[in-house]
Amino acid sequence: MAGQSNQILLLLAFLLPLWLLWRFLRPRNQHSLRSVAILVLGDIGRSPRMMYHAQSFAENGFLTDLIGYGGSRPIPSLERLPRVRLHHIPELPKIFRNLPFLLLAPLKVLLQIVNILLCLLVWIDVPPEFILVQNPPSIPTLALVQLVGRIRGSKVIIDWHNLGYSILALKLGKRHWLVRVAEWFESTFGRSAHAHLFVTRAMRDFLAKKWDIQGQQIVLYDRPPHHFHRSSPQEIHDLFCDLQPRLALDPLIREFLPKATLPFSTAITTTGEVVSKAGISSSIGSMPMYSEVQMPSLRPDRPALVVSSTSWTPDEDFRILLDALSDYDKKAENLAKKKGQPLPKILMMLTGKGPLKEIFMKEVAELHKTWNWVRCTSLWLEAEDYPTLLGSADLGVCLHSSSSSLDLPMKVVDMFGCGLPVCALKFDCLDELVKDGKNGLIFQTASGLASQLEQLLTSFPEAPALRALSASLNSGSGFSRKDEEWNWCTWEENWDRVMRPLILSDVHS
């Protein structure tokens, strides 16, 4: 009897895991209506489009699980919305990060596979109605969401931001065997989905022809959220009161900027004159006791504030920017000596994080020793401060060149949302967003960018050419097209118009 009992126990020990595995992996048609899992294999806080997706789904009544890496703080609304749940994927331990690429890549992918499957199959206990995945990266996410979609009965939506294999080709070359494998993987697992979202018409048309993609095909242009706007002098003053100490850490920048006395003035703003308790007018520099302070205004002696948002990756040509700033510095110096029509000093602010930042900023530090009219600094801003900086700036610069020439830079969309005209590097399909001479200017070389900076900033802060461009952008006349897709609006308005019919069409009570 004891032997038979042991055999039964062994049989149960063998069959129970198999039964549990079958029960766990069996196809499930009873998914949760009005729920979505959003997968972004990157820092959630640095993935604005996917954060906006999550917010829009939640505001439309969907239980929303947002999956990705931690690191940067997400937009505040995601932390307030009760229907949004954030899931952070563990990153590869630092001890492995110095391994050669051919060893590091498979190890990283293996860890991603385990964590993504745990999240989509275990941590989210009720199958979601939709799984929305950002592409790129393609490996391993596209295969995993297809697998989970079949197991759990969820509808897969692929949001095509760019092509993963084209980004890999920047590092390894177009003919590398890994690039060919990546293209096969992306085309195989990205071909079919419930729906495909595209950031441009060019990408939609290209993939429809090249890979014969199956499923609904929808162009969802990036648009800024409703809180993006031109910053008021008070908002600019508050922001630069916070930034001033950080800017002053570099002595070459501190000496370059106009003198400031916090909290009464910054390098960009001033409260003008204030009134002492005795009723005697006094300048901000003497620091008496004050009973009244004027509202902030922009300083007439401020430098032109030029911004560029970057992820510090190889698809942005920083050499063009440095050469253009050097050309501008020489031109401004020559004009000052000849007493010609003046050019202003430029404070170039770069936002973002990425692998090439350290190399770039080392070169900038050397150039600062020879520049007299330009300073360049890099800052990381929290999500709530980023639109305020864009709304404070005089001009934006976009160096995005697109590995596939099929996507559009989100940074330009953000700038337009803040009423900021842009000088953008030319590539195919850019004209779907930037209209040369209407909402911005398009350049191809460093000398071209330098000429545009000179053209727009002459006689700053009046700068008539820059004012005309800004006025055209802020009046909306730069977007007067009959094509419905080109109605310039907020993200919320555009998402409701494009996405609501897709996600609500199959919902039944």
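**Briefing: pocket, core and backbone features**

The lining of the second largest pocket is made up of 10 nonpolar, 6 polar and 5 charged residues. The model is predicted.

**Second largest pocket**

- The second largest pocket has a volume of about 400 Å³. Its lining has 21 residues, and R230, L298, R302, D394 and R467 are the closest to the pocket centre.
- Three helices each supply at least two lining residues: α9 (233–247), α13 (386–392) and α16 (464–475).
- Helix α16 gives the most to this lining, with 5 residues.

**Largest nonpolar core**

- The largest nonpolar core holds 68 residues. F57, F240, V307 and M349 have the most contacts inside this core.
- Helix α2, residues 48–59, is the top contributor to the core, with 6 residues.
- Domain 1 (25–219) and domain 2 (233–270 + 293–476) each provide at least three residues of the core.

**Transmembrane annotation and helix α4**

- An unreviewed UniProt entry lists residues 6–25 and 101–124 as "transmembrane region".
- In the model, the span 101–124 is 96% helix and 0% strand. The C-alpha atoms at its ends lie 32 Å apart.
- L117 sits in helix α4, residues 101–123. L117 counts as partly exposed because its relative accessible area is 21%, and buried requires under 20%.
- The C-alpha atoms of L117 and T141 are separated by 9.9 Å, with the two residues 24 apart along the chain.

**Cis peptide bonds**

- The N135 to P136 peptide bond is cis, with omega near -5°.
- The next bond, from P136 to P137, is also cis, with omega near 5°.
- P136 lies in the loop between β4 (128–135) and α5 (141–152). P137 is in the loop between β4 and α5 too.

- C429 is a residue other than glycine with a positive phi, near 75°. C429 lies in the loop between β17 (422–425) and β18 (440–443). With a relative accessible area of 12%, C429 is buried.
- A463 is not a glycine either, yet its phi is positive, at about 40°. A463 is found in the loop between α15 (446–457) and α16. A463 is buried, with a relative accessible area of 1%.

Definitions and conventions. Residues are numbered from 1 along each chain as its sequence is written. This is a predicted model: local features need pLDDT of at least 70, side-chain atom pairs count only at pLDDT 80 or more; totals for chains, interfaces and linings use all residues. Side-chain values use heavy atoms; hydrogens and water are left out. On a 1 Å grid over the protein atoms alone, a cavity is a set of points where a 1.4 Å probe fits but cannot get out, and a pocket is an open set with protein on both sides within 12 Å along at least five of seven lines; lining residues have an atom within 4 Å of a point. Grid points are joined across faces, edges and corners, and a volume is the space filled by probe spheres set on the points. Helices (H or I, at least four residues) and strands (E, at least two) are DSSP runs, numbered from the N terminus. Ala, Val, Leu, Ile, Met, Phe, Trp, Tyr, Cys and Pro count as nonpolar, Asp, Glu, Lys and Arg as charged, and the others, Gly among them, as polar. UniProt positions are given in the numbering used here, feature names are shortened, and annotations may be inferred rather than shown by experiment. A nonpolar core is a set of buried Ala, Val, Leu, Ile, Met, Phe, Trp, Tyr and Cys residues joined through side-chain atoms within 4.5 Å. Buried means under 20% relative accessible area, exposed over 50%, partly exposed in between (1.4 Å probe, protein chains only). Domain bounds come from an automatic or database domain assignment.
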